[in-house]
Structure formats: C-alpha cells, structure tokens
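Good morning. Please look at it first.

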Amino acid sequence: MPASYKPHTRDDDEHEKTHSQTVETNLSAAEATVRHVMDGKSGDLFWIQPQETIGTAVEVLRDQRIGALLVKDPQGELVGILSERDIVRRLADTPGRTLPQTVAELMTSELETCTPDETLVRILRRMTDGRFRHMPVLEDGRLVGLISIGDVVNYRLTALEYEALKLKQLIVG
C-alpha cells in the first residue's frame, strides 16, 4: 500500500547547529558554588567591633574600597554586618549626627549566611529576595569569607567570556 503524501516541512531541512548554549554550559552555571568564587578572591576579611564609631567604619570602608564590614565582638565572634546602605539610611535619618554613633546602633545583627558548597544561583536568589548585597560565608560554623553580589556577577561574566572565547576558537579553528 502506498504511503500517504507528506509535504515538505522546515524540519526536513538540515539546520546549522548553534553553540551559544549547551546543556553543559547551562549546567555549569547552575552548579557553580560559592567556593568557586572564593577560590578567585583574596582571603582578606575586614571587620570592626560593635563599640567603634560609624566615623571609623566609614574610614575603613573608604580606605579598603569595600562596601561592607563584618562586625565581630571582642571575643572574635561574628555578631553583625555593616554596609554602606546602613550608613546612608542613617545619614538621612540623623544628618550631622551619624558619624559619632556606634556600629552596634546601625549594624544588621540578624545575618544571612551561606556555606562554600551552596550554588551561586541559590545565593543570588537569597540576596535578591532579601535585598542585600553581602553575605558572610561559614564553614563548620567558622567564618571563612564574605561574598558580594558583585563577586557573583563578576564570576559569571568571566565564565561567559571564557565560553565565548572557546566558541570562537571552535568556529575559527
């Protein structure tokens, strides 16, 4: 018996395959962890004590060119984080009277922390949902780093640049 007529469709044509996204590149982005970002950063952590003044904190932030300071008590325990945003908000509330205030008065004491093994996708979601940009990294209850949303974005951009370079080499070479 003869087969039914089947008209020609686009699916019958050979299509040039693109390489902009593959399962491997999409999975690699989803599987990248905080540890991957931490491996590319210096191990420098900057912190301040709760009894220090905001004036002192501002100087450290300026001199180190950073956006947040970890806050440790005199025993060395992590008790909070102080960000540029915290300071700017207080400046608006108490103009001319902010710098003598203590770090303890402005710091965020209910910390969101992560571990080195958490995925960057998860961390970005937590930062975005919580509307904050810096997160202390703890391993076995011990402070091992600080990750910022800028660190995560920079890591991903570098990975995309590397992927683009590899694709260019495949096409040209």
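Start with Ile147. Leaving out residues up to four places away in sequence, Ile147 touches Val34, Val37, Lys41, Cys114, Leu120, Met127, Arg133, His134, Met135, Val137 and Val152; contact means heavy atoms within 4.5 Å. This is a predicted model, where local features need pLDDT of at least 70, side-chain atom pairs count only at pLDDT 80 or more, and totals for chains, interfaces and linings use all residues. Residues are numbered from 1 along each chain as its sequence is written, and side-chain values use heavy atoms, with hydrogens and water left out.

Ile147 is also one of the residues that touch the most other members of the largest nonpolar core, which has 13 residues; the others are Val34, Cys114, Leu120 and Met135. A nonpolar core is a set of buried Ala, Val, Leu, Ile, Met, Phe, Trp, Tyr and Cys residues joined through side-chain atoms within 4.5 Å. Buried means under 20% relative accessible area, exposed over 50%, and partly exposed in between (1.4 Å probe, protein chains only). A second, separate core has 11 residues, among them Leu61, Leu82, Ile87 and Val103. In soluble globular proteins, nonpolar side chains tend to be buried together.

Now the backbone. Most residues other than glycine have a negative phi. Which phi does Arg65 have, positive or negative? Arg65 has a positive phi of about 55°, and Arg65 is exposed, at 77% relative accessibility. Arg131 also has a positive phi, near 60°, and is exposed with a relative accessible area of 67%.
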